[in-house]
Amino acid sequence: MFRPLSFYIGLRYTAAKRRNHFISFISLTSMIGLMLGVAVLIIVLSVMNGFDRELKQRILGMVPHATIQGVGPLDDWQALDARVESHPRVLAAAPYIQGQGMVTGGGNVRGVLLNGILPEQERTVSIIENHMTEGRLDDLVSGEFGIIIGRLMAASLRLEVGDRVTVVLPEASVTPAGVLPRLKRFTVKGIFSVGAELDGNYTLIHMDDAAKLMRTDGKAEGVRLLVDDLFAAPRVATEAARELEGRYYVSDWTRTHGNLFQAIRMEKTMIGLLLMFIVAVAAFNIVSTLVMVVTDKTGDIAILRTMGATPGRIMRIFIVQGAVIGVFGTIIGTALGVFGAINISAFISWLEGVLGHQFLNADVYFISYLPSQLQWQDVAIISGAGLAMSLLATIYPAWRASRVDPAEALRYE
């Protein structure tokens, strides 16, 4: 069967047992280093993708993708809601009234963001109903002045469902007794937990109660939007607002939480770049391996040259030998990385059970487990980069081999 001579001899050199065992050891370590570098890079980037996914689902599942707010309270928010939902890329819309205040309970005070909602419509734009640990969203009934708080706030203020809290607004009311802050007693109707900072400062009340508290005459402040593509939210909200009559202010998640996700993206890029240097170091160990092989095979190279092998053919022989190390190291590393990325969450859970220690405490971190999301685009980029650097590392040693002078090499043989 026909075999290209350069490929055949290159494979023979790779598989042959060498007189110098140190060269074999360097070849093995080069392959192992490349394999581990590729595997670790795939696993780490998958974990970063997992954290990014969890933050998007939890935080951006709670806060609106975008909001359209009037200059003042909306006289007919129902018409605005229906008009906005007619946009093909808006999945749902819900009215809201929002304000800042303080909640006092258990002898402590905490600043909060008050969100007046309609429970039947809020569930269409928010994931909060899926994260209720106590109570239900429907427990918010107009006129009962109920409030739903986060787990961290409940722990900080030592509150449970059924307890009474005082909501204080940063506005003063003039009464016969003098100027007093505006305040109202609320009953805790439910507790939610999304494992994020929202658990400590995010509260929900019925929109009718919010209208009475904030004196908006039963009118909504604006509407929240849920769009089909998170990253298209700014454009979709602007398009929807342009179709409305009158003046409206448009906001979206990139203005409120954009810095958080930009930081995560930058961290992923920097970690990927640093780990890619590890792959580069492992790949360029092939240089030292092939340089020693060329020195060891100088006599063989000279004999091949005297038999008619061209410098280009000699060069291809050693490129094949180095490429075999790079290809096998990259393929095995990719397989290990994909396997590790798929099973890292289960492995960490098992390790926590064995050691009796939780690595990610829900009281400190956003989530209590190690997430992982394998993206084949990352796998392709990492594998391609590993192969490219491995092939690049073979060029100089192969060129050195092609420059061997047969007469000089065979003089002392």
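1. Is arginine 235 buried, partly exposed or exposed? Arginine 235 is partly exposed, as its relative accessible area is 45%; buried means under 20% relative accessible area, exposed over 50%, and partly exposed in between, with a 1.4 Å probe and protein chains only. Its side chain meets that of glutamate 239 in a salt bridge, 3.3 Å from N to O. A salt bridge here is a side-chain nitrogen of Lys or Arg within 4 Å of a carboxyl oxygen of Asp or Glu. Because arginine 235 and glutamate 239 are four residues apart in helix H8 (residues 233–242), about one helical turn separates them. Glutamate 239 is partly exposed at 27% relative accessibility.

2. On the basis of the notes: this is a predicted model, in which local features need pLDDT of at least 70 and side-chain atom pairs count only at pLDDT 80 or more, while totals for chains, interfaces and linings use all residues. Residues are numbered from 1 along each chain as its sequence is written, and side-chain values use heavy atoms, with hydrogens and water left out.

3. Overall figures. The chain has 15 helices and 10 strands; these are DSSP runs numbered from the N terminus, helices being H or I with at least four residues and strands E with at least two. Of its 413 residues, 47% count as buried. Contact means heavy atoms within 4.5 Å. Of the contacts between residues at least 6 apart in sequence, 81% join residues at least 24 apart.

4. Other salt bridges. The whole structure has eight salt bridges. In one of them, glutamate 122 pairs with arginine 224, with the closest N and O atoms 3.7 Å apart. This pair links distant parts of the chain, since glutamate 122 is in helix H4 and arginine 224 in strand S9 (residues 220–227), 102 residues apart. Glutamate 122 counts as buried at 1% relative accessibility, and arginine 224 counts as buried at 3%.

5. Glutamate 144 forms a salt bridge with lysine 189, the closest N and O atoms lying 3.3 Å apart. Glutamate 144 is in the loop between S4 and strand S5 (146–150) and lysine 189 is in strand S7 (residues 178–192), so the pair ties together parts 45 residues apart in sequence. Glutamate 144 is partly exposed at 42% relative accessibility, and lysine 189 is partly exposed at 22%. Elsewhere, Arg89, Asp228 and Asp229 are linked in a network of salt bridges.

6. Which charged residue is buried yet has no salt bridge? This applies to aspartate 81, which lies in helix H3 (residues 77–85). Apart from neighbours within four places in sequence, aspartate 81 is in contact with Ala93, Ala94, Pro95, Gln121 and Val223.

7. Residues around isoleucine 191. Threonine 133, in strand S4 (residues 132–134), is 58 residues from isoleucine 191 in sequence and 5.8 Å from it in space, C-alpha to C-alpha. Leaving out neighbours within four places, threonine 133 is in contact with Ile191, Phe192 and Ser193. Histidine 131 lies in the loop between helix H4 (119–122) and S4. With neighbours within four places again set aside, histidine 131 is in contact with Arg58, Ile191, Phe192, Ser193 and Val194.

8. Helix H7. Six of the eight residues of H7 (residues 207–214) are buried, so this helix is largely enclosed by the rest of the structure. The buried residues are Met207, Asp209, Ala210, Ala211, Leu213 and Met214. After H7 comes arginine 215, with a positive phi near 60°.

9. Packing of H12. Helix H12 (residues 311–355) and helix H14 (residues 395–402) pack at about 140°, their axes 8 Å apart. Axes are lines fitted to C-alpha atoms, for helices over the stretch in contact, and angles run from 0 to 180 degrees between N-to-C directions. Helix H11 (residues 298–306) and H12 also pack at about 140°, with axes 10 Å apart. In this second packing, Ile301, Leu304 and Arg305 of H11 meet Pro311, Ile314, Ile317 and Phe318 of H12.

Terms used:
Lys, Arg positive; Asp, Glu negative; His and termini not counted.
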